[in-house]
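Please walk through this structure one part at a time. Begin with the overall form of one chain, then turn to the contact between chains and a few single residues.

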Amino acid sequence: MEKTKYKDLVNKHTPKEDVFYNAIIAFLIGGLMGIIAQGLIDFYSYYLSISTKEATVCMLVTLIFLSCLFTSLGFFDKLVNFAKCGLIVPITGFAHATMSAALEYRKEGMITGIGANMLKISGAVIIFGVVSAWTFSVIRAIVGAI
Amino acid sequence: MIYLNAFIFAGLVCMIGQIILDKTKLTPGHITVLFVIVGAFLDVFNIYDRLVLWAGGGALVPITSFGHMLTHGAIMGYNEQGIMGLFVGAFDLTSAGICATIISAFFMSLIFKPRD
């Protein structure tokens, strides 16, 4: 079969994603995550009487713990499939990726399984985050020195 | 009012990610890496700090804030300790997130069995 014909055939049978619908869902769920985050920050800073900075750390830890727990209980995958980027882009996606990798490779043993593969997907975030942050800080330091 | 800002900002970030995901062939891994780099870049001239003041938790919960905190920590370290601070400070603010993720993922993977 010719290549173009094959491409047409593939295009015809690939499920069409409704971009607009997906975007609205991601917007709503993502916005809800923002509200929950702000609510948790207010909650912690009010009831534990700590500064906003410390409350932010508490908020992040809470969200990470919850999304790890929900992933291990099994129903977070369905939520992520529904909300897509609404839950992948917030910090919950980072925790979800780590947790699923840890669960998936658990049968290969503690060190070669969990230890070696836990950061398989989320490791990219850490590596590129550190590399880009370091580069930008060096640029900023050089610019500031001039 | 800050709740509305949080809703709008976090929603917009997620929506941009979703549109990129649908319109291109990039995977979710690419999207998160892209957003981390954007967040790290936005902090160079303190733009992201203003966004945090404006949107509160809405700017802190997307993965962009991870990049923001990395750059913020490195710049803060540089201001305090000079060149070595660039290495010392990078994980200052993000260590809580990374530690919480690794620790809860490790122990929960011991407790729970994978299900599909």
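**From the chain to its residues**

In this predicted model, chain A has a radius of gyration of 20 Å, whereas a compact globule of 146 residues would have one near 15 Å. The C-alpha trace of chain A spans about 65 × 50 × 40 Å along its principal axes. Its secondary structure consists of eight helices and zero strands. Of the 146 residues of chain A, 40% count as buried. Among contacts in chain A with a separation of 6 or more, 49% are between residues 24 or more positions apart.

Next comes the contact with chain B. Chain A gives 62 residues to this contact and chain B gives 57 residues. On the side of chain A that touches chain B, helix 2 (19-47), helix 3 (52-73), helix 5 (85-88), helix 6 (91-104) and helix 8 (123-145) each supply at least two residues. That side has 43 nonpolar, 14 polar and five charged residues.

The largest nonpolar core has 74 residues, and those with the most contacts inside it are Ala37(A) and Cys14(B). Helix 2 of chain A provides the largest share of this core, 10 residues. Which residues does Cys14(B) contact, leaving aside its neighbours within four places in sequence? They are Ala26(A), Phe27(A), Ile29(A), Gly30(A), Cys85(A), Gly86(A) and Val89(A).

Now look at helix 2 of chain B. This helix has 15 residues (residues 28-42), so at 1.5 Å a residue it should span 21 Å; its end C-alpha atoms are 21 Å apart, which agrees. Its buried residues include Ile31(B), Val33(B), Phe35(B) and Leu42(B). The cover over the buried residues of this helix includes helix 5, helix 6 and helix 8 of chain A, together with helix 1 (2-23), helix 3 (47-55) and helix 5 (64-81) of chain B.

Two loop residues of chain A remain. Ser49(A) is not a glycine, yet it has a positive phi of about 40°. It sits in the loop between helix 2 and helix 3 of chain A. Lys84(A), also a residue other than glycine, has a positive phi near 50°. Lys84(A) lies in the loop between helix 4 (76-83) and helix 5 of chain A.

Is each of these two residues buried or exposed? Ser49(A) is exposed, because it has 8 other C-beta atoms within 10 Å and the limit for exposed is 12 or fewer. Lys84(A) is buried, because it has 25 other C-beta atoms within 10 Å and buried requires 20 or more.

Terms used
Residues are numbered from 1 along each chain as its sequence is written. Chains are lettered from A and ligands numbered from 1 in the order in which they are written. This is a predicted model: local features need pLDDT of at least 70, side-chain atom pairs count only at pLDDT 80 or more; totals for chains, interfaces and linings use all residues. Helices (H or I, at least four residues) and strands (E, at least two) are DSSP runs, numbered from the N terminus. The radius of gyration is taken over C-alpha atoms; the globule rule is 2.2 Å times the number of residues to the power 0.38. Two residues are in contact if their C-beta atoms, placed from the backbone, lie within 7 Å. Ala, Val, Leu, Ile, Met, Phe, Trp, Tyr, Cys and Pro count as nonpolar, Asp, Glu, Lys and Arg as charged, and the others, Gly among them, as polar. A nonpolar core is a set of buried Ala, Val, Leu, Ile, Met, Phe, Trp, Tyr and Cys residues joined through C-beta atoms within 7 Å. The expected span of a helix is 1.5 Å times one less than its number of residues.
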